[in-house]
Amino acid sequence: MIQKCKFIFLKTKEYKLTTPMEIIPLKVPASFPQDNPKLNNAIHQFDNLLTLLKQRELSNKVTTTINNDIQALNSSTLTGKALVQLIRKVQMRIIRTLEKEMKIVPINYYRNLWLALGLSAFGLPIGVAIGLSLGKIGLLGVGLPFGMGIGLLLGAGMDKKAKDEGRQLDIEIK
């Protein structure tokens, strides 16, 4: 197996060979029950995310954060619904770290984010303006579809930009 290495240029004009950190795998016990489809889907999606992240060059800080989260998940004794919630929580924490530190996002990340922001930041004020201008505050809900559309357009544009720049993971988080 060929191992990726990178050089770090030191102030003394020497090169130091370093190897990138590896992401530890998710450990699924052999006695794992196969009858819970939500748990199986959550584990499969999390494992796919880790596989995609192993193919990318990540900073040591991000890799350390991801490994700490995986270690906490591996040492968990939870089962069933609580384990599904923990897996999704850890997965979202990893995605937020990737977005914040390296601007790497999954498919439709910005669309989903801006859908909610569009409803609240654009739709509600538009609805209030329409309701107050017509004297019927009951028309408040009319602005929500406009805000949703604006949010979807903004988010889809940001997703397209991320894909064009190669910052998008080939996975959609559901």
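K103 sits in the loop between α3 and α4; helices here are DSSP runs of H or I of at least four residues, strands are E runs of at least two, and both are numbered from the N terminus. K103 is not a glycine, yet its phi is positive, at about 60°. Its relative accessibility is 42%, so K103 counts as partly exposed. The cut-offs: buried is under 20% relative accessible area, exposed is over 50%, partly exposed is in between, with a 1.4 Å probe and protein chains only.

Before I go on, the ground rules. This is a predicted model, so local features need pLDDT of at least 70 and side-chain atom pairs count only at pLDDT 80 or more, while totals for chains, interfaces and linings use all residues. Residues are numbered from 1 along each chain as its sequence is written, and side-chain values use heavy atoms, with hydrogens and water left out.

Back to the loop between α3 and α4, which also holds N108. N108 has a positive phi of about 60° as well, and N108 is not a glycine. Is N108 buried or exposed? Buried, with a relative accessible area of 18%.

N108 also turns up in the surroundings of Q168. Q168 is placed in the segment after α5, and α5 is 143-164. At 17% relative accessible area, Q168 is buried. Setting aside neighbours within four places in sequence, Q168 contacts R56, V105, P106, I107, N108, D159, A162 and K163. Contact means heavy atoms within 4.5 Å.

Now the overall layout. The protein has five helices and two strands. Along the sequence the pattern reads β-β-α-α-α-α-α. Of the 174 residues, 30% are buried. Take contacts between residues at least 6 apart in sequence: 68% of them join residues at least 24 apart.

Next, helix pairs. Start with helix α1, residues 37-54, and helix α3, residues 80-102: their axes come within 9 Å and cross at roughly 25°. That makes α1 roughly parallel to α3. Axes are lines fitted to C-alpha atoms, for helices over the stretch in contact, and angles run from 0 to 180 degrees between N-to-C directions. Under 35 degrees counts as roughly parallel, over 145 as roughly antiparallel, 65 to 115 as roughly perpendicular, and the rest as oblique. The crossing of α1 past α3 is left-handed; that means the near helix is turned anticlockwise from the far one by less than a right angle, and clockwise would be right-handed.

Which residues make this contact? From α1, they are K38, L39, A42, I43, Q45, F46, L49 and L53. From α3, they are G80, L83, V84, I87, R88, V90, Q91, I94, I95 and L98. By class, that is 13 nonpolar, three polar and two charged residues. Nonpolar here is Ala, Val, Leu, Ile, Met, Phe, Trp, Tyr, Cys and Pro; charged is Asp, Glu, Lys and Arg; the others, Gly among them, are polar.

F46, L50 and L53 of α1 meet I66, I70 and L73 of α2. The classes here are six nonpolar, no polar and no charged.

α4 passes α5 in a right-handed crossing. The contact has 17 nonpolar, seven polar and two charged residues.

On to the core. A nonpolar core is a set of buried Ala, Val, Leu, Ile, Met, Phe, Trp, Tyr and Cys residues joined through side-chain atoms within 4.5 Å. The largest one has 31 residues, and those touching the most other members are F46, L53, I66, I87, I94, L98 and L169. α1, α2 (60-74), α3 and α4 (109-134) each supply at least two residues. α1 gives the most, with eight. Look at L53: beyond four places in sequence, its contacts are I23, L58, I66, I94, L98 and L169.

Last one, also in α1: Q45. Q45 counts as buried, at 13% relative accessibility. Not counting residues up to four places away, Q45 touches Q91, I171, E172, I173 and K174.
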